[in-house]
Amino acid sequence: MFREILVVGAGGAAGSMVRYLLSGRLLTGCTPGGFPVGTFVVNVTGAFLIGLFAAWFAPSPGLLRLTTAGFCGGFTTFSAFTAESVELLHRGNCLTAGLYIGLSIVVGIAGTLLGLWLGERAGLGRC
């Protein structure tokens, strides 16, 4: 179990560093009209990669964990969200998929707004 955690952690560290370089450094000046191009590119790339890795490394649980939970998880959790949504749709659970997608977006935004509101009320200010 500890080895699996280390494998996922190593992949996560690599994914976080690549995300930082890509969205935090390379694509920061590419935001026409304030559109978050860096995050968008990372999310779409992560969604593509998690699908590719899931197909490519399915026979190898260690590599699957390293690349999906590890690298893609560190790169963007959006990739896990899209993979889970697709899996629900593939199983024919369209209602569950719709609820998961809709609630994830709405409740996620509400959670961010609540966190900002509470942080400001606590005197933490805005970053």
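Analyst: In this predicted model, the lining of the largest pocket is made up of Ile50, Gly51, Ala54, Thr82, Ala83, Val86, Glu87 and His90. Two elements each give two or more residues to that lining, namely helix 2, which spans 37–56, and helix 4, which spans 78–90. Of the elements involved, helix 4 contributes the most, with five residues. Sorted by class, the lining has four nonpolar residues, three polar residues and one charged residue, and the volume of the pocket comes to about 160 Å³.

As background, a pair of packed helices is described by the angle between the axes and by the distance between them.

For helix 2, the partner is helix 1, residues 2–26, and the two axes come within 8 Å and cross at roughly 140 degrees. The crossing of helix 1 and helix 2 is right-handed. On the side of helix 1, the residues that meet helix 2 are Arg19, Leu22 and Ser23, while helix 2 brings Gly38, Thr39, Val41, Val42 and Asn43 to this contact. By class, the contact of helix 1 with helix 2 has three nonpolar, four polar and one charged residues.

For helix 4, the partner is helix 5, residues 94–121, and here the axes come within 7 Å and cross at roughly 160 degrees. Because angles over 145 degrees count as roughly antiparallel, helix 4 is therefore roughly antiparallel to helix 5. The crossing in which helix 4 passes helix 5 is left-handed. Phe81, Glu84, Ser85, Leu88 and Leu89 are the residues of helix 4 that take part, and they meet Cys94, Thr96, Ala97, Tyr100, Ile101 and Ser104 of helix 5. By class, the contact between helix 4 and helix 5 has seven nonpolar, three polar and one charged residues.

Taken along the principal axes, the C-alpha atoms of the chain fill a box of roughly 50 × 35 × 35 Å.

Notes. Residues are numbered from 1 along each chain as its sequence is written. This is a predicted model: local features need pLDDT of at least 70, side-chain atom pairs count only at pLDDT 80 or more; totals for chains, interfaces and linings use all residues. Side-chain values use heavy atoms; hydrogens and water are left out. On a 1 Å grid over the protein atoms alone, a cavity is a set of points where a 1.4 Å probe fits but cannot get out, and a pocket is an open set with protein on both sides within 12 Å along at least five of seven lines; lining residues have an atom within 4 Å of a point. Grid points are joined across faces, edges and corners, and a volume is the space filled by probe spheres set on the points. Helices (H or I, at least four residues) and strands (E, at least two) are DSSP runs, numbered from the N terminus. Ala, Val, Leu, Ile, Met, Phe, Trp, Tyr, Cys and Pro count as nonpolar, Asp, Glu, Lys and Arg as charged, and the others, Gly among them, as polar. Axes are lines fitted to C-alpha atoms, for helices over the stretch in contact, and angles run from 0 to 180 degrees between N-to-C directions. A crossing is left-handed if the near helix is turned anticlockwise from the far one by less than a right angle, and right-handed if clockwise. Contact means heavy atoms within 4.5 Å. Angles under 35 degrees count as roughly parallel, over 145 as roughly antiparallel, 65 to 115 as roughly perpendicular and the rest as oblique.
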